[in-house]
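Subject: Structure handover

Hello,

The structure I promised is below. Please look through it first; my notes on what was found follow.

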Amino acid sequence: MMRRLALAVVLSISLAASAHAQTPRGATDAGSAQTLRARRDYVAPRDRIPAHFPPEWPIRPGGAPFVARHAIVVSDAPLASRVGSEIMRRGGNAVDAAVATEFALAVVYPEAGNLGGGGFMVIHMADGRNAALDYREMAPLAATRDMYVGPDGKVSEQSIVGPLASGVPGAVAGLTAALARYGTMPLATVMQPAIRLAEQGFVVDSAMANTFADYADYIGKFAGASVFLPGGQPLRAGDTLRQPALARTLRAIARRGRAAFYQGPIAEAWTSELARAGGIITMEDLRRYRPVWRTPIRSTYRGNTLLTMPPASSGGVTMTETLNILEGFDTLPPFGSTQWAHVVGSAFQRAFVDRNAKLGDPAFVAVPMKELTDKRYAARLRATIGTTRATPTTSLTAIGEGTHTTHASIADARGNAVAVTTTLNELFGSGVYLASAGFFLNDEMDDFTSRPGVPNMYGLVQGEANAIAPGKRMLSAMSPTIVLDPRGKLLLVAGSRGGPRIITSTTQVIMNVLDYRMSLADAMSAPRLHHQALPDTLRVEARGLAPAVNDSLHAMGYQTDINGTVGRVNALMRVRGGYEGVSDPRGSGGAAGF
Ligand code: DON
């Protein structure tokens, strides 16, 4: 409970900060107002319609994006974006840059970038090839269905914090597999910037210092204290962070590939260190770990094509189901209106009812993909949305069956694109830092259903399909997505962080661009809502709703929760003569490109 409270506090602190700051926080904001419109010859797209936000909303429409003529990276860490951009400047493609950016995030963004976690990647190559890579963690072989249920029947905190919370990491296997299949550069070349940043260090910016201060107690419980809290004090803005153990591990991976992480002395050392702390991931778990190439979900929305992530992520299915429901409305209600909140919230609510009950690792459960992504099925769901009343989630369940993540969007001069989201789950994962190898382990086991009906860290109430089993992948909400325009040309690359709010925030940025024809900057700045079926609450970002709209929603039977932020998206858009990139104004990320 303490941990859940801590998460809520951190989220409200970050909202308070973003409410005051109209541009991103942080000392190295490559995407901030100072560097915007870097190109003097840049002409903003003329087909966008000016947006209107509620007067209470702290961000004004009309903001400017970062623009690049040839290639662009948008991520949660400006330093990592620069690494990816530099790789493309040296001739690498978007996949080379994505892999370089992700390894750099493991160094300069330790709260979520990682070697000890996993993720999902959607790739669109300009020659027409599309791919989805699932490098999600797997439950260790020693995991059991009820491992987090105590004798009193209560679910413990061990799925969130400490040595039992981790799934078998997939990051190194995934990134090396993506590079081998779609990259053009040697692994050692794309990893070199990350190795340098770990070895020589980099200057901690204000955003990172705030995170270390917020999470000092958490980090201080485990071996990460000596690296991130030297002398017992969290690193401050302006300090240099060096990570020699991580540099050693990265150098070994650069030389020997994935084997350096999953076999041999480094793996022996970190699995023994974990076992001494009480963890259950073994060398056999590592030996068996495989990333999985999957066929991306290919759906359409108002003539555009979406390429998005299938299970073990729920992101693509839930996004597709939501957009299929909404496509049946000729036009969506005016942005910010009562009917907007009602219609969009109701679509998410229905899609999440299915998500929470029916989705899980396809190697273990039969996922009704065809039905859930079918437009006729969506039409039946749409018919249950009334015009004047909220629908209680309990009545919808009958239709059904029988904080921390980081997203990067990358595109190169040829039009190849990558959407990649990775996570340790909550900030700094399980808190367990493996000093022998220099990284944090995830707490992804909490994404499973510890007990049907009992909410997890994100309040998600999930079913049997997502129960724990050895070797199973826990259901994710990560939603890396690429949108092609009606002519099949790259239009948008987007994804987010924020647990289930990943799905709703990413979908809304896409809708803001496609339905409301907002500029990318406005689409990213606009207030967001969220509905995940249970709790049966329409959540809206603080100050994101006009008071009269909130009153009308109450009159319709909605319980609203006006609180915090919904996701942190990093997105890019292809425009005439190049790309626009915007890192979410709710965060401290940035874009880089040329
Ligand atoms: O895979 C998932 O859905 C979660 N582990 C994501 C967690 C997350 O986004 C936390 N970030 N704020």
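Helix H3 passes helix H4 in a left-handed crossing. This is a predicted model, and everything in these notes was computed from it. H3 covers residues 94-108 and H4 covers residues 171-182; their axes come within 9 Å and cross at roughly 165°. That angle makes H3 roughly antiparallel to H4, since angles over 145 degrees count as such. On the H3 side the contact includes Val95, Asp96, Val99, Glu102 and Phe103, and these meet Leu175, Ala178, Leu179 and Tyr182 of H4. By class, the residues in this contact are seven nonpolar, two charged and no polar.

H3 also packs against helix H2 (residues 78-89), with the two axes coming within 8 Å and crossing at roughly 150°. H2 and H3 are therefore roughly antiparallel to each other. Their crossing is right-handed. From H2, the residues in contact are Leu79, Ala80, Val83, Gly84, Ile87 and Met88; from H3, they are Ala94, Asp96, Ala97, Ala100, Thr101, Ala104, Leu105 and Val108. Sorted by class, the contact of H2 with H3 has eleven nonpolar residues, two polar and one charged. Asp96 of H3 is listed in the contact with H2 and also in the contact with H4.

Next, strand E11. How many of the residues in E11 are buried? The strand spans residues 417-423, and seven of its seven residues are buried. Ala417, Ala419, Thr421 and Thr423 point one way, while Val418, Val420 and Thr422 point the other way. In a regular strand, side chains alternate between the two faces of the sheet.

E11 has two pairings to note. Strand E3 (residues 118-124) pairs with E11 in the antiparallel sense over seven bridges, and His124 has Ala417 as its bridge partner in E11. Strand E10 (residues 405-411) likewise pairs with E11 in the antiparallel sense, over seven bridges. In this pairing, the bridge partner of Thr406 is Thr422 of E11. E10 and E11 form a hairpin with five residues between them, and Gly415 in the turn has a positive phi of about 95°.

There is also an open sheet of seven strands, in the order E1-E20-E19-E15-E14-E9-E8, with antiparallel pairing. Which strands stand at the edges? They are E1 (66-68) and E8 (297-301); each has a single partner strand, so one side of each is left without a neighbour in the sheet. On average, neighbouring strands of this sheet are turned by 20° against each other, direction ignored. Within the sheet, two bridges join E15 to E19 (residues 570-575), and these strands run antiparallel. Leu492 stands opposite Met573 in E19. Helix H13 (residues 315-327) lies across E8, E9 (304-308) and E14, and runs at about 20° to E8.

Is Gly488 buried, exposed or partly exposed? With a relative accessible area of 37%, Gly488 is partly exposed, because that class lies between the 20% and 50% cut-offs. Its C-alpha atom is separated by 38 Å from that of Gly429, which is 59 residues apart from Gly488 along the chain.

Regards

Note on methods: Residues are numbered from 1 along each chain as its sequence is written. This is a predicted model: local features need pLDDT of at least 70, side-chain atom pairs count only at pLDDT 80 or more; totals for chains, interfaces and linings use all residues. Side-chain values use heavy atoms; hydrogens and water are left out. Buried means under 20% relative accessible area, exposed over 50%, partly exposed in between (1.4 Å probe, protein chains only). Helices (H or I, at least four residues) and strands (E, at least two) are DSSP runs, numbered from the N terminus. Two strands pair if DSSP finds at least two bridges between them. Axes are lines fitted to C-alpha atoms, for helices over the stretch in contact, and angles run from 0 to 180 degrees between N-to-C directions. Angles under 35 degrees count as roughly parallel, over 145 as roughly antiparallel, 65 to 115 as roughly perpendicular and the rest as oblique. A crossing is left-handed if the near helix is turned anticlockwise from the far one by less than a right angle, and right-handed if clockwise. Contact means heavy atoms within 4.5 Å. Ala, Val, Leu, Ile, Met, Phe, Trp, Tyr, Cys and Pro count as nonpolar, Asp, Glu, Lys and Arg as charged, and the others, Gly among them, as polar.
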